[in-house]
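User: I have a new structure open and would like to go through it. Can we start once it is on screen?

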Amino acid sequence: MKFVSYAVEGKETYGVEVEGRILDLARVDGLPGDLLQGIEAGEGFLQRVEGVLRKKGGALPSFAKDEVQWLSPIPKVKRNVMCVGKNYREHAIEMGGEQDIPKNIMIFTKATHTVIGHGETVLHHDDITEELDYEGELAVIIGKKGRGISPEAAMDHVFGYSILNDITARDLQKKHGQFFIGKSLDTTCPMGPFLVTKDEVDDPQNLTITTTVNGEIRQSSNTGQMIFSIPRIISTLSKGMTLLPGDVIATGTPAGVGKGYKPPRFLRKGDVVEIEIEGLGILTNPLQD
């Protein structure tokens with residue numbers, strides 16, 4: 001299923017995309033009021049949704065995609081977004097040479113307030129940064145609580161996948177000598193448009209990922225090029241730390257970020273960034289004019 005969180009007439013709700021229309025679920029008796037509550041409810045949630053679609057699908061309130069305001073699939077994440085740094089070999093090289101290829105997984109986080117949805121405007125923050133950059137990434141959404149998860153059991157803890165843009169202020173990153181400030185400016189974590197359940201993705205380690213800026217391809221790769229696989233990422237994160245339903249993990253970005261060009265090609269006001277991942281849709285966000 002392709003879940004969507006959205007707003008209609010100022011009211012936040014959620015549903016599923018079926019044949020190009022969005023079917024509303026929030027008002028169905030017996031279903032949670034938002035998608036995060038559904039994820040937290042466990043596997044029975046998906047079974048209930050499937051039952052509703054079989055019995056009432058044609059009678060559910062529905063909307064065309066252009067009739068709604070898209071939100072992040074999880075509009076209010078409970079914990080910081082966990083991010084893997086330099087998880088594609090060529091990206092590590094473009095950022096600092098072969099010596100930057102990590103031997104162990106590098107983790108940082110983005111604050112909860114950074115998350116926005118498909119179509120929402122990204123603030124340029126030109127009063128504090130001159131080096132705003134894009135990073136197209138596959139996001140993994142955890143569906144089952146766990147700690148000390150083995151790589152073999154890791155995929156049992158996945159609810160689904162989405163697209164994420166890990167927008168970064170490179171100059172702030174360098175100035176402060178750490179990732180958090182440069183990664184946590186308001187609106188710098190667009191996510192969406194869908195949260196696609198894992199059963200619809202045959203192999204998350206074999207998905208084409210493409211990022212364009214104003215229609216020009218900047219990143220073109222495949223998730224199979226990750227240095228550290230999704231099971232290994234989940235297993236490593238869960239060593240000593242409990243992963244919770246609704247946790248979001250950004251799995252790293254391929255080569256082709258703005259900083260990697262010579263000269264660098266950072267985002268400018270009015271730019272439009274589109275990230276497409278095979279089977280997950282296209283995440284589009286304009287930069288503030």
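User: Is Lys86 buried or exposed?

Analyst: Lys86 is buried, at a relative accessible area of 19%. Buried means under 20% relative accessible area, exposed over 50%, and partly exposed in between, using a 1.4 Å probe and protein chains only. This is a predicted model, where local features need pLDDT of at least 70, side-chain atom pairs count only at pLDDT 80 or more, and totals for chains, interfaces and linings use all residues. Residues are numbered from 1 along each chain as its sequence is written, and side-chain values use heavy atoms, with hydrogens and water left out.

User: Where does Lys86 lie?

Analyst: In the loop between strand E6 (81-85) and helix H3 (89-96). Helices (H or I, at least four residues) and strands (E, at least two) are DSSP runs, numbered from the N terminus. The phi of Lys86 is positive, near 50°, and the residue is not a glycine.

User: What about the phi of Thr187?

Analyst: Thr187 has a positive phi of about 70°, although Thr187 is not a glycine either. Thr187 is in the loop between helix H5 (180-183) and E13. With 13% relative accessibility, Thr187 counts as buried.

User: New topic. How many aromatic pairs are there?

Analyst: The structure holds five. Rings of Phe, Tyr and Trp (its six-membered ring) pair if their centres lie within 6.5 Å; planes under 30 degrees apart count as stacked, over 60 as edge-to-face and the rest as tilted.

User: Which residues form an aromatic cluster?

Analyst: Phe3, Phe45 and Phe159 form one.

User: What sits over the ring of Tyr261?

Analyst: The charged end of Arg218 does, 5.8 Å from the ring centre. The charged end of Arg265 sits over the Tyr261 ring as well, 5.2 Å from its centre. A charge sits over a ring if NZ of Lys or CZ of Arg is within 6 Å of the ring centre and within 35 degrees of the ring normal.

User: Where is there a cis peptide bond?

Analyst: One joins Gly192 and Pro193, with omega about 0°, and Pro193 is in strand E13. The bond from Lys262 to Pro263 is also cis, with omega near 0°. Pro263 lies in the loop between strand E16 (248-250) and strand E17 (272-277).

User: Last one: why is helix H6 largely enclosed?

Analyst: Six of the eight residues of H6 (residues 230-237) are buried, so the helix is largely enclosed by the rest of the structure. The buried residues are Ile230, Pro231, Ile233, Ile234, Ser235 and Leu237.

User: What covers them?

Analyst: The cover includes E6, strand E7 (106-110), strand E10 (136-142), E11 and E16.

Notes: Contact means heavy atoms within 4.5 Å.
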